[in-house]
Amino acid sequence: MEHSYVDSRPIAGQKPGTSGLRKKTKVFMQAHYLENYVQAIFDAIGGAEGKTLVVGGDGRYFNDRAIQVILRMMAANGAARAVVGQNGILSTPAASNLIRQRGTDGGLILSASHNPGGEDEDFGLKYNTPNGGPAPEAVTDRIFVASQAMVRYRIAETQDIDLSAIGETTLGDMAVEIVDPVVDYAALMERLFDMDAIRGWIADGHSIRFDAMHAVTGPYARAILEGRLGAPEGTVVNGTPSPDFGGGHPDPNPTWAKTLYDEMMGRDAPDFGAASDGDGDRNMILGRGVYVSPSDSLAVLAANATQAPGYARGLAGVARSMPTSAAVDRVAEALGMAAYETPTGWKFFGNLLDAGKVTLCGEESFGTGSDHLREKDGLWAVLLWLNILAATGKSVAELMADHWRTYGRNYYSRHDYEAVETEAANGLMAGLRGKLDSLVGSTARELVVTSADEFAYDDPVDGSRAEGQGIRIGFEGGGRAVFRLSGTGTEGATLRVYLERVETDPARLDQDPQEALAPVIAAADAVAGIRELTGRVAPDVVT
Ligand code: G6P
Ligand code: ZN
């Protein structure tokens, strides 16, 4: 087989963000773009020689083409083996599982997560390390540096290989093992959860609706919910993955999964509703007439996890990203567990999980997971919820009400301003940063500012420091607003404003979050000048 070197030159902007490199698909399709980035990954991890890597993606447009390129480059770079999902498909959690289960040297995951897919939409690629988790910043920094020095890459000149047949094949000297994307993942779920209890709960007539959003979890949810757990056919909707996700945003939140949301708020709603995103790591949880905010979901799971066999021995600790509400901290305090606060991005949980400091972790951005993997895991969250519902016999609404009565309620909402002009967004953040000290003691609308800082994180395991991770403003009465720019978008800037206020008065646990948060929302706008500086009068997405 010919192993060619192809001359290239550095391409600007190949800097991995919150979760790998994400760009418009057409950018990835430009000559040398994907190849440069893949070679930069190999160079940053000491070469691919002799290595085994897991390769798979969420099936979005260009997934199939990109995988062929990656495999040819692995072969040319001397990799020993590729473990590939059939037809190039692996959900992100399933890929993380395979990396760990096989003890590989990591993996390449092709996805732009919840971003739309298609020739005119988004594509992404990330490298996960041998622990199964997204590469930490030290590694992504090396990838970027390698991309900036790229002068040539290696690629084998071969035909495409057939990824449809499960089994072993070869590409030059490299072994290629094509695996069923679902089997090992489903087996892991069976080890963690009381499947009999969930099966019984369903057999008793409880109903579920799972919206796969035309994305990768369709086959997984069908196999587990409808197959192994006996939920009726049709429980999983939008269950056939499509390269453009049916033209939608495969993002499980009340805006983009509105059909499911509306069904769950309706009169004939099922007992439990859930959705997952493009690559299967996010989740949204609903009950009949109730929407469970991701921060609350994390807290409820932490409080009740011991109902599931995989967590019966208790939790070592919990972690949440800084903008996530402190609801889980209240549970940790009551149960005597450690609670950690990390920057946004799943990669920051990796060290805590590896060191055994935490068992459960989660983010406000619809991500929850545990030490069973090193990615967040949408279906895992769904199954843990179902296990808890089956074990307690409570409805989602009853569980939430009990939870708030016991721990108090952290009213919470995120307001997103999307595709804001980059300069305006940067200006807003710089303006806040510049006046942090003078804010303390001042009054914003009706609330006095009691604290103002920019979050930095010192990793307790490896001592690394991450700075500039979001501006936090605390208000009297325990309210909080956090300002951050998204690290996952591909167009302009997305300003995220995270709003929170804790309530412990038993008579006031049932308010609409937007009303309960109104004073904090007004104060946040006054402090940051959102309307003035962005020209926006209302957020595009409210979670
Ligand atoms: C991805 C990451 C998460 C992160 C989320 C939001 O899903 O895996 O860890 O919380 O993006 O990131 P953003 O930078 O857009 O707020
Ligand atoms: Zn995702």
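**Helices, domains and a ligand shell**

Let's start where two helices touch: Y185, A186 and M189 of α6 meet Y220, A223, I224 and R228 of α8. Here, two residues are in contact if their C-beta atoms, placed from the backbone, lie within 7 Å. By class, this contact has 6 nonpolar, no polar and 1 charged residues. Ala, Val, Leu, Ile, Met, Phe, Trp, Tyr, Cys and Pro count as nonpolar, Asp, Glu, Lys and Arg as charged, and the others, Gly among them, as polar.

A quick word on what you're looking at. This is a predicted model, where local features need pLDDT of at least 70 and side-chain atom pairs count only at pLDDT 80 or more, while totals for chains, interfaces and linings use all residues. Residues are numbered from 1 along each chain as its sequence is written, and chains are lettered from A and ligands numbered from 1 in the order in which they are written.

Back to our pair. Helix α6 covers residues 183-192 and helix α8 residues 217-228, and they pack at about 45° with axes 10 Å apart. Helices are DSSP runs (H or I, at least four residues), numbered from the N terminus. Axes are lines fitted to C-alpha atoms over the stretch in contact, and angles run from 0 to 180 degrees between N-to-C directions. That angle makes α6 oblique to α8.

Now try α10 (residues 294-304) and α14 (residues 396-407), whose axes come within 11 Å and cross at roughly 80°. These two are therefore roughly perpendicular to each other; angles under 35 degrees count as roughly parallel, over 145 as roughly antiparallel, 65 to 115 as roughly perpendicular and the rest as oblique. On the α10 side you'll find D296, A299, V300 and A303, meeting L399, M400, H403 and Y407 of α14.

Zooming out, the domain assignment (automatic or from a database) gives domain 1 (3-181), domain 2 (185-407) and domain 3 (409-542). The C-alpha centres of domains 2 and 3 lie 26 Å apart, and their contact takes 19 residues from each of the two. On the domain 2 side, α12 (350-354) and α14 are the elements giving two or more residues.

Finally, ligand 1 has 14 residues around it, and T18, S365, S486, G487 and T488 come nearest. A residue counts as near if its C-beta atom, placed from the backbone, lies within 6 Å.
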